[in-house]
Amino acid sequence: FPQQRRAAPTNPATTRQPPHDASAEAAVPDALITAPIRMEERIETIATLTEEHFHVEANRVAFPTVRDLAADGSPIDAVTVAARLRDKPAPEVPDGWVGYLGTVIADQGGASPASRREHVAILERLRRCREVLRVCDETAAHAAKVEVRLYDNLFRVPFPEEGVEDFLVNLNPDSLEVVKEA
């Protein structure tokens, strides 16, 4: 007679890592900055993204600069992006923004339109997952404490009256668990 109760979940808010894909994130700036594509294609890709699509903080900071350069019709290259980012807090890598962009801009496979669209789609799916988690965390923060009664099988065996004089000996003492503040 299997035990059917499952362990109560722990609060993952303090331990979970938000869903993200650093490789896909790196491929998008790489494609936007280095790929030999028309400015219209860059603008089309940029229009589908926001800062919220990026989990890596440096990408969240760099993306608006790339977006602004595209909106101004300015060249989008590593030197121009790094120059525009000089007033922003630099990532903790050697040479600050120049070093970071040099690391990110290393053929991440984002040059083709199909791969660029796929990387953007990955970022969108992950952004939606992070948003759901954020809403769940907000909701949990406002949740009221309740008493929860967890019920299991009343008897330890399927047929408690068989083979015993008093069926009460087969009562499951753990058939009810009360959690006072769940």
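**Exercise 1. Helix α1**

Is α1 mostly covered or mostly open, and how many of its 13 residues are buried?

*Solution.* Keep in mind as you work that this is a predicted model.

Step 1. Begin with the count: ten of the 13 residues of α1 are buried, so the helix is mostly covered.

Step 2. The buried residues are Ala24, Glu25, Ala26, Ala27, Val28, Pro29, Asp30, Ala31, Leu32 and Ile33.

Step 3. α1 covers residues 22–34, and at 1.5 Å a residue its 13 residues should span 18 Å. The C-alpha atoms at its ends are 18 Å apart, which agrees.

**Exercise 2. The chain as a whole**

Work out which elements the chain has and in what pattern they follow one another.

*Solution.* Step 1. Count the elements: there are six helices and two strands.

Step 1. Read along the sequence, and the pattern is α-α-α-α-α-α-β-β.

Step 2. The chain has 182 residues, of which 32% count as buried. Among contacts with a separation of 6 or more, 63% are between residues 24 or more positions apart.

**Exercise 3. Helix α3 and its surroundings**

Find which residues of α3 are buried and which helices they pack against.

*Solution.* Step 1. Start with the helix itself. α3 has 16 residues and reaches 24 Å from its first C-alpha to its last, close to the 22 Å expected at 1.5 Å a residue. Just after α3 comes Gly73, with a positive phi of about 75°.

Step 1. List the buried residues: Ala58, Asn59, Val61, Ala62, Phe63, Pro64, Thr65, Val66, Leu69 and Ala70.

Step 2. Look at the partners. The buried residues of α3 pack against α1, α2 (39–47), α4 (78–84) and α5.

Step 3. Take two residues as examples. Asn59 lies in α3 (residues 57–72) and is buried, with a relative accessible area of 4%. Beyond its neighbours within four places in sequence, Asn59 is in contact with Glu25, Ala26, Pro29, Phe54 and Tyr100. Thr65 is also found in helix α3, and at 8% relative accessibility Thr65 counts as buried. With neighbours within four places again set aside, Thr65 is in contact with Val81, Arg84 and Leu85.

**Exercise 4. Aromatic pairs**

How many aromatic pairs does the structure hold? Classify the pair Phe54 and Phe63, then the pair Trp97 and Tyr100.

*Solution.* Step 1. The structure holds three aromatic pairs.

Step 1. The ring centres of Phe54 and Phe63 are 5.2 Å apart and their planes are at 35°, so this pair is tilted. Phe54 is buried, at 2% relative accessible area, and Phe63 counts as buried too, at 3%.

Step 2. Trp97 and Tyr100 form an edge-to-face pair, 5.9 Å centre to centre and with 85° between the planes. The cut-off to apply here is over 60 degrees for edge-to-face.

Step 3. Now place the second pair in the fold. Trp97 and Tyr100 are three residues apart in helix α5 (residues 96–104), so about one helical turn separates them. Residues three or four places apart in an α-helix point the same way, because there are 3.6 residues a turn. Both Trp97 and Tyr100 are buried.

**Exercise 5. A loop residue**

Is Val164 buried, partly exposed or exposed, and where is its place?

*Solution.* Step 1. Val164 sits in the loop between β1 (148–151) and β2 (176–179).

Step 1. Its relative accessible area is 30%, so Val164 is partly exposed.

Step 2. Apart from neighbours within four places in sequence, Val164 is in contact with Val169 and Asn170.

Note on methods
Residues numbered from 1 in each chain as written. Predicted model: local features only at pLDDT ≥ 70, side-chain atom pairs only at ≥ 80, totals over all residues. Heavy atoms only, no water. Helix = DSSP H or I, 4+ residues; strand = E, 2+ residues; numbered from the N terminus. Expected span 1.5 Å × (residues − 1). Buried < 20%, exposed > 50% of the residue type's maximum accessible area, 1.4 Å probe, protein only. Contact = heavy atoms within 4.5 Å. Phe/Tyr/Trp six-rings, centres within 6.5 Å; stacked < 30°, edge-to-face > 60°.
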